[in-house]
Amino acid sequence: MNVRPENPVIVQGDGKVLVETSHRRHAEARDFLSRFAELEQSPEHLHTYRISPLSLWNAAAAGVSQTELVKGLKDLSKFDIPKNVLDSIHETMERYGLVKLIPHPDRKDLLRLEFATAYIAKVVSALPAAKEMMVADGRRWWGIQAGHRGLFKQRMLTSGWPIEDLAGFSPGAHLEIKLRQTTKLAQKPFV
């Protein structure tokens with residue numbers, strides 16, 4: 001086990017990341033962790049972050065690579081990163097983009113699912129969480145109802161398949177608004 005006491009971060013086996021707030025590299029660690037981990041607690045001396053499937057999915061969607069993420073964690077960690085955490089990072093980020101939501105070419109009520117391979121289509125379509133929401137869209141395609149988009153993405157994430165959503169949104173109705181030139185604050189007494 002490598003020990004680097006000059007670093008501010010400790011990565012635990014449950015996905016928690018501890019950061020010393022008084023360390024000279026605290027700001028660097030905080031800024032780095034904010035790209036792929038969720039802040040859970042921030043007491044005075046030790047902040048706690050969590051690496052979760054959702055935070056990794058968001059990082060992948062924002063363009064953070066798993067190589068960049070792991071290298072940064074290793075550079076900031078006091079101790080070796082637990083293997084199960086590295087495996088979780090790899091598996092979650094590796095799956096991002098293997099299933100994509102894209103606009104349906106003919107129907108506005110459906111979004112089309114695009115799979116990287118036929119094997120992935122077979123595995124995903126067999127998942128109970130996905131199966132009940134997926135509809136056959138011809139011989140080769142699967143789709144979901146457009147209104148089920150968020151729920152489908154949640155279910156897929158909890159099943160270990162983060163969706164790359166490329167479907168976009170339909171433009172809404174124009175909303176005419178007019179802003180005042182000055183802002184007036186309400187004057188209410190403090191109680």
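Modeller: The protein has a radius of gyration of 22 Å, whereas a compact globule of 191 residues would have one near 16 Å. That radius is taken over C-alpha atoms, and the globule rule is 2.2 Å times the number of residues to the power 0.38. This is a predicted model, in which local features need pLDDT of at least 70 and side-chain atom pairs count only at pLDDT 80 or more, while totals for chains, interfaces and linings use all residues. Residues are numbered from 1 along each chain as its sequence is written, and side-chain values use heavy atoms, with hydrogens and water left out.

Along the principal axes, the C-alpha atoms fill a box of roughly 60 × 60 × 25 Å. The protein contains seven helices and nine strands; these are DSSP runs numbered from the N terminus, with helices being H or I of at least four residues and strands being E of at least two. Of the 191 residues, 39% are buried, where buried means under 20% relative accessible area, exposed over 50%, and partly exposed in between, with a 1.4 Å probe and protein chains only. A contact means heavy atoms within 4.5 Å. Among contacts with a separation of 6 or more, 58% are between residues 24 or more positions apart.

Now to the helix you asked about. Helix α2 covers residues 53-61, and its buried residues are S55, L56, W57, A59 and A60. After α2 comes G63, which has a positive phi near 95 degrees.

Take β4 next, which spans residues 46-50 and includes H47. H47 has a relative accessible area of 15%, so this residue counts as buried. Leaving aside neighbours within four places in sequence, H47 is in contact with V17, L18, V19, T21, H26, L39, Q41 and S42. A polar atom of the H47 side chain also lies 3.3 Å from the backbone oxygen of P43.

Helix α3 holds two residues to look at, Q66 and L73. Q66 is buried because its relative accessibility is 19%. Its C-alpha lies 8.9 Å from that of L56, 10 residues away in sequence. Not counting residues up to four places away, Q66 touches I89, H90, M93 and E94. With H90, the side chain of Q66 makes a side-chain polar contact at 2.8 Å. A polar contact is a pair of N or O atoms within 3.5 Å; within protein, one must be able to donate a hydrogen and the other to accept it, and residues adjacent in sequence count only if both atoms are side-chain atoms.

L73 has 1% relative accessibility and is therefore buried. Outside four places in sequence, the contacts of L73 are V11, F32, L33, F36, I51, I81 and I89. The C-alpha atoms of L73 and V17 are 9.7 Å apart, although 56 residues separate them along the chain.

R25 sits between β2 (16-20) and α1 (26-33), and is buried because its relative accessibility is 15%. Beyond four places in sequence, R25 is in contact with N7, P8, D75 and L76. The side chains of R25 and N7 form a polar contact of 2.9 Å.
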